[in-house]
Amino acid sequence: MTWRRQSPKAFIGIALALLVSTAGCVDEKIVYRDGPNFAAPPAAAASFLGYNDDVNKATTCGSCHVGQQAKWKSTKHADAFKTLETSGQSQGFCQACHTVNNLGNVATDTTAGWRSTKDKRYHDVQCESCHGAGLQHVQSPTRGQMLASVKADTGRALTTGCSECHTGTHHPFVEEWRSSRHATSYTRGYNSLTSTPTAPEVPGGPRAACVSCHVGQNVLANWGVNTNYAEKSLGQTNATAVGVTCAVCHDPHGSPNAGNLRFATDARDLDNNLCMKCHYRRSVPDFSGSQNSPHSPQGPMLLGQAGWWPPGIQIDGDIVASHGSERNPKLCATCHVNKYEVTDKATGKFVQNVTGHRFAAIPCVDANGLPTTSQNCTITARSFKSCAGSGCHTEATARTIMLGAEADILLLANALQTMLIDSRVPASAKLSGQVSTWRGATFNRNLALHPGSEVHNPFLAKALLRASIAQMAKDYGITPPIALSLLAPYDKQILARSN
């Protein structure tokens, strides 16, 4: 190695440069410091960190996870303790669900966090409420640590996740959800292998066309949610998949929509309405295949976009029913997420809150109006509170209107069925892949009789049936079994053409 002699002037220049450089950094903000950047938690807190700055609601986790911190700060979870304290109903046992402790995560120590310390750094429902104690992670960060679960509960007991707090008579969100088809949607996302009298049905592989709405992990992926969570890599079997859980519809970190919903419920388009992102499949016939019936057509039905129209038909102005108009701002949620308080009719005492998370628009109820476990009852035993709460109908009026719509649809559907089985319909019209009036009319009949069509859009259902009957008469020479006046205006638009 060769050393070169430097002149004294060179050394002086270097020294001055270093001095100036050092002086220039004195007043700069420190952006990196090697050492602890969080306050050590009390030993009794069981490794829960809580707030780094409780006044500004800056969580310790938020020091690094800045985006999640900013979103979370706008949620009700961030003000959970204050909400309890100012409610006028605060009691000691309530605090566990309004603070950081073992509830909502995998921790089992019932003296963790707030419960053992009563330190205000554990106020509110913070990151660790779902992700678990953070001390190990901040001391030695590794990808995959502290993954929260998207399960609402275990399915056997209300002991994990959202269910540990969002439960009970005052807010039974998870109990109601557990009784809904959303909770078991994943079971319909998989093929079932043939069962025998001595062996139960065994779930097979995933149905490619179904999992994007039936399996929670696939729903989130389909919606572009790339957040990591405990079950993300699972879901390829019936045993590891989850249904449409709380975290599928709600973003726990926060969102600009009411209730932290991932998408709005008042959007009037299929791509941006939370419910319609799944409830829109096969609302119009796919003549390339063999299916002649709809599948989850509720969104397009509500908006007046469903069904098969004979060529050249002019759609009248009543096809978008009031339930799909601006007079019903919350659309599906108005009826299917109906909240109300149940009191004992004899004593007037509180019984339970209903959160609407059964998603049953007209549930079967008991004498006090509380939804029952069994939902197999007559229409007279069903509650129409959701209709009355909207301000458009009384319960009695809504029930009468629904019964009338059902009767009208059934009359037209029966008449169409008589024509569909008529021998004058050529066999070729019924073939898979064939575009035909018979297949379009069959689809319309099944759509009109699909559960809920009589409420989602009775005007559209009846119009499609009338048009189908008229087109069947024109194309196959079958006389309609009902008065032509009942087909108006399609008696003139279609039948006049054949004359």
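Just after α17, I found Gly477 with a positive phi of about 65 degrees. I note here that the model is predicted.

**Entry on α17.** I checked the length of this helix. With 19 residues at 1.5 Å a residue, α17 should span 27 Å, and its end C-alpha atoms are 27 Å apart, so the two values agree. I then looked at how covered α17 is. Of its 19 residues, 15 are buried, so I wrote it down as mostly covered, buried being under 20% relative accessible area.

In soluble globular proteins, nonpolar side chains tend to be buried together.

I searched the whole structure and found 1 cavity of 30 Å³ or more. The lining has 14 residues, and the closest to the centre are Asn338, Tyr340, Val354, Ala360 and Pro363. I sorted the lining into 7 nonpolar, 4 polar and 3 charged residues.

**Entry on salt bridges.** How many salt bridges does a search of the whole structure find? It finds 9. I looked up three of them.

- Lys57 and Asp79 meet through their side chains at 3.7 Å, N to O. Lys57 lies in the loop between β1 (51–53) and β2 (58–59), and Asp79 in the loop between α2 (66–72) and α3 (80–85), so the pair ties together parts that are 22 residues apart in sequence. Lys57 counts as buried at 18% relative accessibility, while Asp79 is partly exposed at 31%. Lys57, Asp79 and Asp124 are linked in a network of salt bridges.
- Arg424 and Asp422 meet at 3.0 Å, N to O. Arg424 counts as partly exposed at 46% relative accessibility, and Asp422 as buried at 17%.
- Asp491 and Lys492 form a salt bridge with their closest N and O atoms 3.8 Å apart.

Terms used
Residues are numbered from 1 along each chain as its sequence is written. This is a predicted model: local features need pLDDT of at least 70, side-chain atom pairs count only at pLDDT 80 or more; totals for chains, interfaces and linings use all residues. Side-chain values use heavy atoms; hydrogens and water are left out. On a 1 Å grid over the protein atoms alone, a cavity is a set of points where a 1.4 Å probe fits but cannot get out, and a pocket is an open set with protein on both sides within 12 Å along at least five of seven lines; lining residues have an atom within 4 Å of a point. Grid points are joined across faces, edges and corners, and a volume is the space filled by probe spheres set on the points. Ala, Val, Leu, Ile, Met, Phe, Trp, Tyr, Cys and Pro count as nonpolar, Asp, Glu, Lys and Arg as charged, and the others, Gly among them, as polar. Helices (H or I, at least four residues) and strands (E, at least two) are DSSP runs, numbered from the N terminus. The expected span of a helix is 1.5 Å times one less than its number of residues. Buried means under 20% relative accessible area, exposed over 50%, partly exposed in between (1.4 Å probe, protein chains only). A salt bridge is a side-chain nitrogen of Lys or Arg within 4 Å of a carboxyl oxygen of Asp or Glu.
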